[in-house]
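Hi,

Here is the structure I promised to pass on. Have a look at it first, and my notes follow below.

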Amino acid sequence: MCRYRRTRIGEMFAESSHRVRSRGGPEVNVFSLYEVFNGIERDLGPDDRICDALSRFETLLQTLAAQRMVVSQSLLFKRRLWMDPKTEMIMTEGIQFENELVYHQVYHDIMTGSLPCSDDEHVAFAALRMQCEFGDFVSGSEAVSDLAKYLPKRLIQERRDDVTQQYKDLRGVSREDSKRALLSTAQTLPLYQFNVFHA
């Protein structure tokens with residue numbers, strides 16, 4: 001690791017973008033490295049040195065271990081993907097891997113509130129996600145019995161029947177078409193491609 005002691009985060013991201021042939025080129029920063037402590041994430045800046053971040057991380061681990069304190073901590077490497085719905089097909093064969101990442105990223109943002117949407121949109125997204133994962137509705141299926149994976153907790157009781165009905169209405173829609181519909185609908189949301197931070 002010593003030969004990389006002067007490498008900065010931004011340089012590492014540029015090299016990573018080049019190696020994975022990221023669209024937009026290495027000058028477009030699609031990567032982030034986070035220090036995570038008890039669920040709180042701190043984005044490392046492009047001028048931070050990799051060795052400094054690792055040293056700080058290891059020092060904290062040793063200090064906490066010596067004091068017998070238990071803290072959840074990790075270094076988290078993320079890739080953020082945004083596709084422009086005006087210029088790109090959502091699901092083309094040449095970029096299946098990126099599309100799969102976008103699909104999971106979008107749904108995570110919907111569930112965490114980073115991509116705000118209405119209650120009715122939450123219901124529609126939940127039904128599309130279940131159709132994508134399980135195929136056609138089957139009575140007593142795991143999807144309907146465990147809506148916490150697909151719907152915010154505040155909506156589970158009051159909108160369970162709505163989700164079930166919309167899921168039933170999707171009978172015959174393929175899993176890939178459900179994924180396309182979910183992404184297409186998400187891209188119409190006013191705050192798609194924006195990062196929302198709660199005060």
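Predicted model: local features only at pLDDT ≥ 70, side-chain atom pairs only at ≥ 80, totals over all residues.

Where is H122 found? H122 is in helix α4, which covers residues 119-134; helices here are DSSP runs of H or I with at least four residues, strands are runs of E with at least two, and both are numbered from the N terminus.

Residues are numbered from 1 along each chain as its sequence is written, and side-chain values use heavy atoms, with hydrogens and water left out.

Back to H122. It counts as buried because its relative accessibility is 5% (buried is under 20% relative accessible area, exposed over 50%, partly exposed in between, with a 1.4 Å probe and protein chains only). Leaving aside neighbours within four places in sequence, H122 is in contact with I110, C117, L151, P152, R154 and L155 (contact means heavy atoms within 4.5 Å).

As for the whole protein chain, there are seven helices and three strands, in the order α-β-β-α-β-α-α-α-α-α from the N terminus. Buried residues are 35% of its 199 residues.

Helix α6 takes in residues 153-169. A kink of about 80° is centred on R159 in α6 (the bend at a residue is the angle between axes fitted to the seven residues ending there and the seven starting there). R159 is also one of the buried residues of α6, and the others are L155, I156, V163, T164 and Y167.

Now the rings. The count comes to two aromatic pairs (Phe, Tyr and the six-membered ring of Trp pair if their centres lie within 6.5 Å; planes under 30 degrees apart are stacked, over 60 edge-to-face, the rest tilted). One is F134 with Y150, edge-to-face at 6.3 Å centre to centre and 75° between the planes. F134 lies in α4 and Y150 in the loop between α5 (142-145) and α6, so this pair ties together parts 16 residues apart in sequence. F137 and Y167 are edge-to-face too, because their planes are at 85°, with ring centres 5.5 Å apart. F137 is in the loop between α4 and α5, and Y167 is in α6, 30 residues apart. Both F137 and Y167 are buried.

Finally, two charges over rings: R129 lies over the face of Y107, 4.5 Å from the ring centre, and the charged end of K179 sits over the ring of Y103, 4.8 Å from its centre (NZ of Lys or CZ of Arg must be within 6 Å of the ring centre and within 35 degrees of the ring normal).

Cheers

Terms used
Expected span 1.5 Å × (residues − 1).
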